[in-house]
Every structure is written in C-alpha cells, then in structure tokens.
Amino acid sequence: RVKNYYLAIDIGASSGRHILGWMENGKMRIEEIYRFENHLDNKNGELCWDMERLFKEVVTGIGKCSELNRIPKSIGIDTWGVDFVLLDGAGEMLGEAVGYRDDRTKGMDKKVYEIINEKDLYSRNGIQKMLLNTIYHLYSLKLNKPELLEKAEHFLMIPEYLNYRLTGVMKNEYTNATTTQLVNAENRDWDWELLDMLGLPRKVFGRLYMPKDSVGLLKEEIERQVGFTSEVVLPATHDTGSAVMAVPTNDDDAIYISSGTWSLMGIERLIPDCTEKSRIHNFTNEGGYHYRYRYLKNIMGLWMMQSIRKEFSHKYTFDELFTLAYIGRYFSSVVDVTDICFLAPNSMRQAVQEHCRGTNQPEPQTECELLFCVYNSLAKCYGDVVKEIEAVTGNDYKNIYVVGGGCQDRFLNRLTAFHTQKNIYAGPVEATAIGNITAQMLKTKEFDDLVQARGTITKSFAVKKVNDDEFCFED
Ligand code: LFR
C-alpha cells in the first residue's frame, strides 16, 4: 500500500528541521530529512531574522522529498511565536522581521498601560505579561516608526509569511495569534476594541483560521523548484501549540514542559483563566488545538545554557557539561531565570554574575559553578511553578512530561525530579514536529481525534522515566 507522507517544517530560534511522518502498522513513524541553522542577526542595531535565508532553507528542505521519492500529501510549518512581518499592498515586506529579543519594546509596557491598565488587559486575553509580546513590538512601531504601520496592508506572523511565499495565500492562524496578546480569550478572535484603543489598524489583521485549515497549493514556481506539488495546511503554527499536542499521555492531570530554547511549563485546560489571581501568578492562556488552552509559564529555558556553551566556544560535549555542572553542585547561589536581564545579554556569564551580585549572593567563579548555578536555578524555578500550578488549580499532580529537544538533557531532568519531587518522563524529542504532523493527520482522518492521536504517539515514541540514581543531589 502506498503510504501517506506528511511533511512538518519546524523552525526554532536555533535550528529548523524538515521531518516526514507517516503511519506504519498502527504506529507513527518520523524521519528527519533536512536540518538548517537559525539565529538572530544584528542589522543596523536591531536583532532580526533573515527571512530570505529561512525561505530558501524551507524550499531546499521540501525539495529533499523529491530526492527520496516520498511526496507528502501535505506540508505544515510551525515556528516560535510572537514575531511578525508587515506587508504592503503588493505583498512586499515593510522593514525587517525584528526578533522578539530586540529591545525596541523597552518602556512600551508603561505606554500601553497608559491606555489600558495591566489588569484589564489580562482580563481580556489572559496572556502572561512579557515585554517580548507582539503588542509591545507593534506599539513601539506605532510610536517610533509610524510610517511602517501606515503603509501596512497585512500583518503575517513568521509561519504565515513563509506559507504566503510558498502558496501566494495569506492566512492568519489562531494559536500563534494568541501569542500577540491581541486575541480575546473568550471569543478567540482579534480583540478589535483593544486594537482600536491602541490605534493599531484593524485592516492588517486577517480572519483567524484554525489548525487543519488549508492554506493552498504550492505556487507553480515553487513546484518547479521542488519537483512536485502539495497542499500547505495549518498545524498549530505556534511551535509550543504543536509540541503540546504531542505530550504522550491522555491524563488531564499531567504537567508538561516543552523544553527547547524556552521552557514552557504548564497544563492543558478547556476554559481560560483570566482572573486576577492567575494574572498575579503570571500564567498565560495560549490558544491550542481544538479550543484547548495552554495554561503555562514561559521560563528562560535552555537559552541560558546555549548562550553559555557559545561563550565556552562549544569546547565541551553535553556529557562533559553535565559532569562539570555536577562538580559545581556545592554552589548555592540561585538566579531568577525569568528575569529580563537574561533575554539577550552580551555575556550570559556576566549577566549571571551581576544578578548574583545584585542579590547579595556569591558570584560563580568557575565554569562548574556557573553551569550548576544556571541548571539549579532553572530546575528550582520548575519546582516553584509546580507549586503555583497546584495553588491556582487546587489539584495535586504526580507526573511531569518533558518533551522537545531539551528532554535529552539528563542532568536537567534529574535536577527537575529533585526539585519537583514528581515522576519525570522524557520524550518525545521531536514533539513539535510530531504535533505538526498530527494536525495534518487529523485533517485527513488518520485519527478520529486528539485523544486517539495521543494514544498512538504514546506507543510510537520512546518515553523514558527519569532514573533517580543517575546524579545524586540528596547529600
Ligand atoms: C518557544 C516559543 C514560546 C514563545 C517564544 C517566543 O519556541 O514559541 O512559546 O513564547 O518561543 O516566541
């Protein structure tokens, strides 16, 4: 029987992957067929994504399907959230695709709160306050580069822009739109009233489509380049939305951590919680597949480790890093890994040292101390977030499912078990791509619903219970 292949293009802040998925003997199979690097570039003082390069990589990866003679029934793209481009009436990009780590949002929270206070803003969309949210980027454009907004006809988020370049069709997608902080949590549409209050032009925001909706067929010129045509469809285009679809359990009382550049820790809920209590705990209600909400917290995540590794000139393997961090376990200073000072520092080492100084704690001096400090602070934060989730929901949770690339970090998994005192399950590594493929498979009815899909995911991919004796922190 000819297999139905589905192509997930999953682009994160540090790398992009093309992954083919198909069903075989009742299990989902995946294979990575292309991988490329991603990073922010400093262009005239702004941190930007190189959209031309990303688009070229997207097309090259699609072309690999022809070489393998595995033509996908459909193609779906997901990326990190928040970031967007503005297009003029001719569909050309206006300005750059400035990345969420750029500091143009500095002070924009105050400006926005002059128009609508923080409490009222949260009660409308339930989105966690982070200075990197799209609302603050747009407001910064409004104040500092109004001509761009004046010329703009369309607002497309990163996956939507790539879809547009592939198909010529512009469609906004709901899950990623919620990361803008401009979507109403109850009716799941753009918050038109809020847009008016902020003076953002209504006309640039298009109808919100849902995961499983079609975007269109590849344009002829793309078809010529890749050697076939295929339908581009919408997965949960926000990577975290896709990742959480692939959490390998149907237990509603499970906590997940989608672990990558960021750590997104939370639960799934059917009703958003935009209460004052929830706001004070700074939880977010991101829109998910089939009207589920991801009730979670953004935690700085492996970005801190990635930055430190870079400063160490990548001279250690991961196993060596774990050993070094374990040697540093006597070091007890703890930093707040949600602090904005870690968002884009010139030196992560110095940022950690300064933070320790500022909080009257000893500064890490050696590589071992620095590594342990960051790991320990991250895992401790996970422990605090578990307690907050339990406080807000009144539930007890036994299990934490860590999915995504970061679930391969054995040291962090062990420390997470230590600080949370929960069972930790690690895997699947490619959760985001699996979730992306799952939405495509739900569209073609390979699964009846998400429950069935998650059941299949659970039996298809390795999920390991974290071994308690691997690194010991009890002493
Ligand atoms: C993870 C993620 C988070 C989002 C951050 C910035 O890759 O999408 O969910 O808050 O990146 O977009």
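Let me start with a helix contact: Leu-321, Leu-324, Ala-325 and Ile-327 of H13 meet Glu-367, Cys-368, Leu-371, Phe-372 and Tyr-375 of H15. Sorted by class, that contact between H13 and H15 holds eight nonpolar residues, no polar ones and one charged residue. Bear in mind that this is a predicted model.

Now the geometry. Helix H13 covers residues 318–327 and helix H15 covers residues 367–393; their axes come within 7 Å and cross at roughly 90°. Angles of 65 to 115 degrees count as roughly perpendicular, so H13 is roughly perpendicular to H15.

Next, the strands at the other end of the numbering. Strand E1, residues 5–11, pairs with strand E2, residues 15–24, in the antiparallel sense, and six bridges join the two. How many residues lie between E1 and E2 in their hairpin? There are three.

E2 also pairs with strand E3, residues 27–37, again antiparallel, this time over ten bridges. Those two strands form a hairpin as well, with two residues between them. In that turn, Asn-25 has a positive phi of about 50°.

Which residue in E2 is the bridge partner of Tyr-6? That is Gly-21. On the E3 side, Gly-21 stands opposite Ile-30. Reading across the strands, then, we go from Tyr-6 to Gly-21, and from Gly-21 on to Ile-30.

To recap, we have a helix pair crossing at roughly 90°, and E2 paired in the antiparallel sense with E1 and with E3.

Note on methods:
Residues numbered from 1 in each chain as written. Predicted model: local features only at pLDDT ≥ 70, side-chain atom pairs only at ≥ 80, totals over all residues. Axes fitted to C-alpha atoms, helices over the stretch in contact; angles between N-to-C directions. Helix = DSSP H or I, 4+ residues; strand = E, 2+ residues; numbered from the N terminus. Parallel < 35°, antiparallel > 145°, perpendicular 65-115°, else oblique. Contact = placed C-beta atoms within 7 Å. Nonpolar A, V, L, I, M, F, W, Y, C, P; charged D, E, K, R; others polar. Pairing = 2+ DSSP bridges.
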